[in-house]
Amino acid sequence: PARGVTFSKDGKRLLTARGEQIDVATGAAVYTIEGSETKIEEAIFAPNDTEILVDAEGGVERRSATDGSLIARHYGADPGKTARYSPDGTIFIYQDLEHQELFVVDRKSSELLFSIPYYDRTLIEHTDFSPDSRYLATASQNGNARIWNLADKSLVTSLIGHQSGIYDISFSADGRHVLTASEDDTARIWD
């Protein structure tokens, strides 16, 4: 099944989680990713549309947006729809369910910058970058959210107050607020 779809930033192409890139104007397939080790859960364009990040059961793959060729593979990831690029495209993140960590990786070198362990051994359900790419927000199934400073790799604050798991987290367009939505039937705005 097609588990997701996204437009390129220029709006000329779309990418399905089945690994198909389609020309929007003609509807023709540009290519289909071949050789991905396992089922693709999600695929997204980098902010500059030059590469794509493919989140699959066997790992996260960075691929050329031009032809789908493999740039780098990062093993250990499990699909969770948390693989994403920062808005400035300099880093990307993905999670590893086996080791219970979220990895923060330099896009250019593929070097692991640091990892964020799961809080209380519960899954990080959703993530969002601040618009300036300086901060990362993480939301957990245990009802806690955290804000991380990516430059110094530190925890800025914990957002505690939900009574159940948090299933969505988002920075405001100006980066001054964070919005969370929880299984406890509440949404909260945090300063």
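**Stop 1: the largest pocket.** Select Thr6, Lys9, Ile44, Phe45, Pro47, Arg84, Tyr85, Ser86, Pro87, Asp128 and Phe129, the residues that line the largest pocket. Keep in mind that this model is predicted. The pocket has a volume of about 190 Å³. Now colour by element. Strand E5 (40-45), strand E9 (84-85) and strand E13 (124-129) each give two or more residues to this lining. Colour by residue type next. Six lining residues are nonpolar, two are polar and three are charged.

**Stop 2: the largest nonpolar core.** Keep Phe129 selected; this pocket-lining residue also belongs to the largest nonpolar core. Show the strands. Strand E10 (91-96), strand E11 (101-106), strand E12 (112-117) and E13 each supply two or more core residues. In soluble globular proteins, nonpolar side chains tend to be buried together.

**Stop 3: the aromatic rings.** Go back to Tyr85 from the pocket lining. The model has three aromatic pairs, counting rings whose centres lie within 6.5 Å. Zoom in on Phe92 and Tyr94, a stacked pair. Their centres are 6.3 Å apart, with 20° between the planes. Are these two residues buried or exposed? Phe92 is buried, and Tyr94 is buried too.

Definitions and conventions: Residues are numbered from 1 along each chain as its sequence is written. This is a predicted model: local features need pLDDT of at least 70, side-chain atom pairs count only at pLDDT 80 or more; totals for chains, interfaces and linings use all residues. Side-chain values use heavy atoms; hydrogens and water are left out. Rings of Phe, Tyr and Trp (its six-membered ring) pair if their centres lie within 6.5 Å; planes under 30 degrees apart count as stacked, over 60 as edge-to-face and the rest as tilted. Buried means under 20% relative accessible area, exposed over 50%, partly exposed in between (1.4 Å probe, protein chains only). On a 1 Å grid over the protein atoms alone, a cavity is a set of points where a 1.4 Å probe fits but cannot get out, and a pocket is an open set with protein on both sides within 12 Å along at least five of seven lines; lining residues have an atom within 4 Å of a point. Grid points are joined across faces, edges and corners, and a volume is the space filled by probe spheres set on the points. Helices (H or I, at least four residues) and strands (E, at least two) are DSSP runs, numbered from the N terminus. Ala, Val, Leu, Ile, Met, Phe, Trp, Tyr, Cys and Pro count as nonpolar, Asp, Glu, Lys and Arg as charged, and the others, Gly among them, as polar. A nonpolar core is a set of buried Ala, Val, Leu, Ile, Met, Phe, Trp, Tyr and Cys residues joined through side-chain atoms within 4.5 Å.
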